[in-house]
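Q: I'm new to this one, so please keep it friendly. Take a close look at the salt bridges and the parts they join.

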Amino acid sequence: MFSTIRTSVDPSSKRYSMESRLRGKVLIFNHREFTNGYSPRVGTEKDVERLLQTLPLLGYAREHIKVFENQDASDIEAIAGKLKTDAELTQCDSLMVFFLTHGEQNDRLVARDETFHLYEFIEHFTPAALPAMAGKPKLFVVQACRGGRLDRGVQLQSLVSGLASTLVSRFRFDTGSFVGANLVGGRRYTCPVQDNRIFSYPEFADFLIAMSSHHGHVSFRNAQGSWYIQELCNVIESFDPDDESILDILTATNNAVSRRVSNVDGRRNNKKQISSFYSTLTKKLYFMPRPLQS
């Protein structure tokens, strides 16, 4: 039986608190070069550039966004382990981890020297392993293939012209987001006064895992970057922090990715891609502007 973990999180609140001194830490593991036979990932540096430009729009300070290049699997484990002694995490509202790399079936990711399993890595971030982040949102974004299958796409024809024209008028095709949607009615939730209750809580709550492709499928990338990261950054650049939650951001990204078509030689030409996400978040997550610190 684990000992009781102290947390400032209120289990009855409807939203995650995003008003602490620090929005959070971001770790970006970028892999371009490998020693295990995998080809160089051309264009991945463009994804890093876009992330460094856009993540501050979510409230993450540039000095808290760390990029780690071409790490061995043991180095990645060590970096995750060092978070346990990061005193600033207690002042953070969230944590984001990006993997830009090759991938294999069953969500195995490729470090510079060998592969590792995504879900085994995530165990470094449970409340027992990382108490400072207990009850807080932990977001993992993975740009990697998940197998070798290609999405040929299907042909659809819209028969509801009136609805289609209404939606088109409110949709930004360049960002993959709807304009003017009022998703929460402008309401702001307030949290009740904290008390000292002890309550049981799932080990794997408060995780969100966003993947660039569907299970078993390839993920497209070129010299200008990957489809997924580039579209995610497009959405972030135009999102409304008052009305759009992380789920809205990721859904709009899925839509934008789904509209792309590959244009390459060979069997990968004229193919589609759909990104996905899996959530155990227990509250709504909005990236509201942080209050000014006195």
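A: A salt bridge here is a side-chain nitrogen of Lys or Arg within 4 Å of a carboxyl oxygen of Asp or Glu. Keep in mind that this is a predicted model, where local features need pLDDT of at least 70, side-chain atom pairs count only at pLDDT 80 or more, and totals for chains, interfaces and linings use all residues. Residues are numbered from 1 along each chain as its sequence is written, and side-chain values use heavy atoms, with hydrogens and water left out.

The whole structure holds eight salt bridges. Let's start with Lys 25 and Glu 88, whose side chains meet with N and O 3.2 Å apart. Lys 25 sits in strand E1, while Glu 88 is in the loop between helix H2 (73-82) and E3, so the two tie together parts 63 residues apart in sequence (helices, H or I, have at least four residues and strands, E, at least two, as DSSP runs numbered from the N terminus). Lys 25 is buried, at 10% relative accessibility, but Glu 88 is partly exposed, at 28% (buried is under 20% relative accessible area, exposed over 50%, partly exposed in between, with a 1.4 Å probe and protein chains only). Asp 86 joins in too, forming a salt-bridge network with Lys 25 and Glu 88.

Next up are Arg 50 and Glu 237, with an N to O distance of 3.3 Å. This pair reaches across 187 residues, from Arg 50 in helix H1 to Glu 237 in helix H5. Arg 50 is buried, with 15% relative accessible area, whereas Glu 237 is partly exposed at 44%.

Glu 231 belongs to helix H5 and Arg 260 to the loop between H6 and E13, 29 residues away. Here Glu 231 is the buried one, at 8% relative accessibility, and Arg 260 is partly exposed at 25%.

Now for the setting. E1 is part of an open, six-stranded sheet with mixed pairing, in the order E2-E1-E3-E7-E10-E13 (strands pair if DSSP finds at least two bridges between them). E2 (65-69) and E13 (276-279) are its edges, each with a single partner strand, so one side of each has no neighbour in the sheet.
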